[in-house]
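This report was prepared for a reader who wishes to examine one protein model residue by residue. The sequence and the structure are shown first, and the description comes after them.

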Amino acid sequence: MKHKTIIEPFRIKSVEPIEMSTEEQRIDFLAQAHNNLFLIESKKVIIDLLTDSGTSAMSAEQWAGIMRGDESYAGARSWERMRDAVRDLTGCQYIIPTHQGRAGESILYTQLGGKGKVFISNTHFDTTRANIEYGGATAIDCLTKEGQQPALEHPFKGNIDIAKLEAAIIEHGAENIGAVILTVTNNSGGGQPVSMQNAKDVRTICDKYDVLYLLDCCRIAENSYFIAQREGAYKNVEYRKIAQEMFDLVDGSIMSAKKDALVNMGGFIALKSKEIADSCTNTLIIKEGFVTYGGLSGRDMEALAIGLVEVFDKDYLHYRITSTTYLGDKLHQMGVPVMRPIGGHAVYIDAKAFYPHIPVNQYPGQALACDLYIKGGIRGCEIGSVMFGRYDKNGELVSAPMELVRLAIPRRVYTQSHIDYVIETFEEIIKGKEHSQGIKITYEPEFLRHFTAHFERI
Ligand code: F0G
């Protein structure tokens with residue numbers, strides 16, 4: 001018999017209570033947090049879909065590994081296990097441990113970047129862009145036009161536009177390109193996958209112009225699942241093998257292990273070039289820690305080594321992607337405009353289409369994120385003009401290409417009943433949706449403003 005219900009392929013051995021709250025209480029909580037969901041305490045959240053990063057539930061094996069963690073400063077066994085797990089997956093010889101993704105970005109992009117340098121990506125994630133720009137370099141996104149249309153059905157909306165990529169290399173000069181960074185899956189572009197063909201085409205271009213090619217691989221397992229489902233030739237290929245084939249194409253990778261390595265903290269840079277790895281080592285030691293732990297405890301490295309294997313389990317990946325799709329498809333059927341098809345780690349709601357009466361300079365995404373919190377205690381994240389907007393010379397908002405709200409699903413954390421509760425909350429929001437009001441910013445810092453900005457309802 002083929003069942004319709006997607007069951008979580010695990011039993012729950014340890015639980016964490018959720019504090020319930022009322023709508024009246026949440027109106028207060030949100031006001032105290034200046035309408036910024038990053039400023040709300042987690043105990044005031046019922047379903048936390050702010051991020052899938054560092055929020056995974058670890059397995060019994062990983063917890064067992066935690067006890068095995070070797071906390072030696074130099075040459076710990078746990079480091080050897082992490083290094084070998086990363087080498088085995090990526091095929092890279094030179095592995096640099098970092099405490100999370102952005103620490104690796106800061107180290108690597110400081111080496112490769114600086115004034116006059118240009119980085120090209122399908123879409124730079126916010127910390128990636130910030131690290132590149134902070135060092136004085138420029139970050140250019142070259143997403144395909146399919147990837148920029150939320151409602152369009154297309155199997156690989158994370159693909160980089162090869163023609164635009166080549167044109168950007170020619171325009172800026174190959175010698176000025178810091179690297180081409182392929183982000184899989186494309187988080188800021190809707191969690192959409194990148195095809196193997198696209199990854200190969202990027203290799204061809206990088207070879208033609210002798211440009212460094214990197215993978216931001218924090219959701220590589222999810223991307224591999226999509227390749228197996230959607231790219232004919234890979235139908236019967238193991239997910240891990242698909243990932244390895246993609247790693248073979250690139251010169252190096254950078255990973256926030258807080259996603260597909262199923263850990264709460266961790267990251268690494270994996271490189272084929274000794275020269276680049278050596279140039280990163282000094283900064284690593286100054287900023288993160290010694291070469292055999294970076295910013296990590298031995299136990300973190302142990303859990304990472306195990307998670308990097310577990311994430312490719314076929315039952316896990318099937319559950320992971322189909323359960324995300326379950327939420328997205330239900331919302332879609334209810335008429336909520338969601339980014340199609342549903343991505344791997346999150347459902348992205350097109351807030352501009354959901355709230356057509358709220359202009360982009362009144363941040364419809366932030367308005368929806370606040371409404372979700374008030375109605376259901378659900379914490380999502382605006383990925384639109386709050387996160388990526390800029391101002392022109394006259395102080396007018398240059399809006400982001402899309403106004404999305406991301407509901408990111410932590411790995412192995414919530415069950416189907418939690419997700420049904422989210423769906424029910426949307427049923428309520430839809431009823432009064434034309435009364436939702438826009439948002440204005442009352443305070444903002446210079447970089448990464450979404451984390452600490454203050455907002456008010458208009
Ligand atoms: N690259 C991508 C594609 C990411 O999604 C993230 C983090 C990073 C790099 C940075 O890694 O957080 O470990 O420093 N994304 C999280 C998110 C924060 O919520 O999507 P980090």
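**Domains and their interface**

The structure is a predicted model. The protein is divided into domain 1, made up of residues 23-52 + 313-457, and domain 2, residues 60-310. The centres of domain 1 and domain 2, taken over C-alpha atoms, are separated by 26 Å.

The size of an interface is often expressed as the accessible area lost when the parts come together. Between domain 1 and domain 2, about 2,800 Å² is buried, and 58% of this area lies on carbon and sulfur atoms. In terms of residues, 31 from domain 1 are in contact with 34 from domain 2.

On the side of domain 1 that touches domain 2, the elements giving two or more residues are H12, strand S9 (346-350) and helix H15 (385-388). H12 provides the largest share of that side, with 7 residues. Sorted by class, the side of domain 1 that touches domain 2 comprises 15 nonpolar, 6 polar and 10 charged residues. The rule finds 7 salt bridges across the interface of domain 1 and domain 2.

**Helix H8**

Why is helix H8 described as largely enclosed by the rest of the structure? Of the 11 residues of H8 (residues 220-230), 9 are buried, so the helix is largely enclosed by the rest of the structure. A residue counts as buried when its relative accessible area is under 20%. The buried residues of H8 are Ile220, Ala221, Glu222, Asn223, Ser224, Tyr225, Phe226, Ile227 and Ala228. These buried residues pack against helix H7 (196-209), strand S6 (213-216), helix H9 (239-249) and helix H12 (314-333). Glu222, one of the buried residues of H8, also belongs to a network of salt bridges that links Asp52, Arg219, Glu222, Asp260, Arg320 and Arg411.

**Two loop residues**

Asn187 is located in the loop between strand S5 (177-183) and H7. With a relative accessibility of 3%, Asn187 counts as buried. The side chains of Asn187 and His345 are joined by a polar contact of 3.1 Å. Apart from its neighbours within four places in sequence, Asn187 is in contact with Phe125, Arg219, His345, Tyr348 and Arg406. Among these contacts of Asn187 is Arg219, a member of the salt-bridge network that includes Glu222.

His99 occupies the loop between strand S2 (94-98) and helix H4 (101-112). Its relative accessibility of 26% makes His99 partly exposed. Leaving aside its neighbours within four places in sequence, His99 is in contact with Met265, Gly266, Gly267, Glu288, Gly295 and Leu296. His99 and Pro356 are 257 residues apart along the chain, and 41 Å separate their C-alpha atoms.

**Salt bridges**

Side chains of opposite charge can pair when their charged atoms come close. The structure holds 31 salt bridges, and the table gives some of them.

| Salt bridge | N to O distance |
|---|---|
| Arg412 and Glu310 | 3.1 Å |
| Glu23 and Lys375 | 3.0 Å |
| Arg457 and Asp371 | 2.5 Å |
| Lys440 and Glu456 | 3.9 Å |

Glu23 and Lys375 form a salt bridge with their closest N and O atoms 3.0 Å apart. This pair links distant parts of the chain, with Glu23 in helix H1 (residues 23-32) and Lys375 in helix H14 (residues 364-376), 352 residues apart. Glu23 is partly exposed at 29% relative accessibility, and Lys375 is partly exposed with a relative accessible area of 33%.

Arg457 and Asp371 meet through their side chains in a salt bridge of 2.5 Å, N to O. Here too distant parts of the chain are linked: Arg457 lies in strand S16 (residues 454-457) and Asp371 in helix H14, 86 residues apart. Arg457 counts as partly exposed at 27% relative accessibility, whereas Asp371 counts as buried at 14%.

The salt bridge between the side chains of Lys440 and Glu456 spans 3.9 Å, N to O. Lys440 in strand S15 (residues 439-443) and Glu456 in strand S16 are 16 residues apart, and the pair links distant parts of the chain. Lys440 has a relative accessible area of 39% and is partly exposed; Glu456, at 40% relative accessibility, also counts as partly exposed.

Terms used
Residues are numbered from 1 along each chain as its sequence is written. This is a predicted model: local features need pLDDT of at least 70, side-chain atom pairs count only at pLDDT 80 or more; totals for chains, interfaces and linings use all residues. Side-chain values use heavy atoms; hydrogens and water are left out. Buried means under 20% relative accessible area, exposed over 50%, partly exposed in between (1.4 Å probe, protein chains only). Helices (H or I, at least four residues) and strands (E, at least two) are DSSP runs, numbered from the N terminus. Contact means heavy atoms within 4.5 Å. Domain bounds come from an automatic or database domain assignment. Buried area is the accessible area (1.4 Å probe) that two parts lose on being put together, summed over both. A salt bridge is a side-chain nitrogen of Lys or Arg within 4 Å of a carboxyl oxygen of Asp or Glu. Ala, Val, Leu, Ile, Met, Phe, Trp, Tyr, Cys and Pro count as nonpolar, Asp, Glu, Lys and Arg as charged, and the others, Gly among them, as polar. A polar contact is a pair of N or O atoms within 3.5 Å; within protein, one must be able to donate a hydrogen and the other to accept it, and residues adjacent in sequence count only if both atoms are side-chain atoms.
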